[in-house]
Amino acid sequence: MEIQAEMSAANARILMVDDDPGLRDVVSDFLGRHGYNVETAADGREMDEALGRGPVDLIVLDVMLPGEDGLAICRRLANTEGGPPIIMLSAMGEDTDRIVGLEVGADDYVPKPCNPRELLARVRAVLRRTDIRPVEPGAIAGCEFAGWRLDLVKRELRSSQGVVVHLSSGEFGLLRAFVEHPQRVLTRDQLLELARGPESEAFDRAIDVQISRLRRKLDDGGGQDLIRTVRNEGYMFTVKVKRL
């Protein structure tokens, strides 16, 4: 597993955005020694310049930045089609702060001061969820439900009008879990494992927040409750799914 993770890191480009030069150096050096191509930026302006030089596979983003803060940057990038996944860093480690970060579109959240090894594990987990792999024999390549079409290979969701709806890696993982297990109740623990893997360290509220975001994106104005909350049990994807 370790060898596979190191091999998959070879071409991954990570952008570290933090106004602390010492932390930037420590994190970029540590991730670099584990095979990642790491660039750094001190603020939103330098981040935009780095993104202008080419796409990145993941952004590690501090909340407290001069000028445009990390939450505003995250919200801006999350609303951009094809935006990279984001891991938020913040000295404010309360659950409410984590929820705010997830609410604006972050894929994961690590409190500061962070252990570089913990950050490495989170980086690997997020990149693993966003990695596009060939479809295995017998696996579904896509599906249709309630007028929506989900391409599991391209990780692309289209409305009945053909409009592409951008999903974060967390939202995509949840939707995939739902369409692969339609019309049955899934507990939060099951959703965490299906969407993020058995080694996930996410907390329950992360699921609630990302389901709330996913519901808003799937709301076509028709009032159809695609994801139903089942009290004291979990969530259910209520519609039939046609596999493609």
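Let me start with a term: buried means under 20% relative accessible area, exposed over 50%, and partly exposed in between, with a 1.4 Å probe and protein chains only. This is a predicted model, where local features need pLDDT of at least 70, side-chain atom pairs count only at pLDDT 80 or more, and totals for chains, interfaces and linings use all residues. Residues are numbered from 1 along each chain as its sequence is written, and side-chain values use heavy atoms, leaving out hydrogens and water.

The overview. The protein has nine helices and 13 strands. Those are DSSP runs numbered from the N terminus: helices are H or I with at least four residues, strands are E with at least two. Of the 244 residues, 48% count as buried.

Now the parallel sheet. Five strands form an open sheet, ordered β2-β1-β3-β4-β5, with parallel pairing. Pairing here requires at least two DSSP bridges between two strands. β2 and β5 (108-111) stand at the edges with a single partner strand each, so one side of each has no neighbour in the sheet. Strand β4 (residues 86-90) is joined to β5 by four bridges.

Next, helix α2. Which face of α2 carries Asp 25 and Arg 33? These exposed residues sit on the face turned away from the buried side of α2. The buried residues are Leu 23, Arg 24, Val 27, Ser 28, Phe 30 and Leu 31. The buried residues pack against β1 (13-17), β2 (37-41) and α6 (116-130); contact means heavy atoms within 4.5 Å.

Look at the ends of α2. Asp 20 caps the N-terminal end, with a side-chain oxygen 2.9 Å from the backbone nitrogen of Gly 22. After the helix comes Gly 35, with a positive phi near 100°.

Last, the antiparallel sheet. This open sheet also has five strands, in the order β9-β8-β7-β6-β13, with antiparallel pairing. β9 (164-165) and β13 (242-243) are the edges, each with a single partner strand, so one side of each is left without a neighbour. Strand β6 (residues 142-145) pairs with β13 over two bridges. Within that pairing, Glu 144 has Lys 242 as its bridge partner.

Conventions: A polar contact is a pair of N or O atoms within 3.5 Å; within protein, one must be able to donate a hydrogen and the other to accept it, and residues adjacent in sequence count only if both atoms are side-chain atoms.
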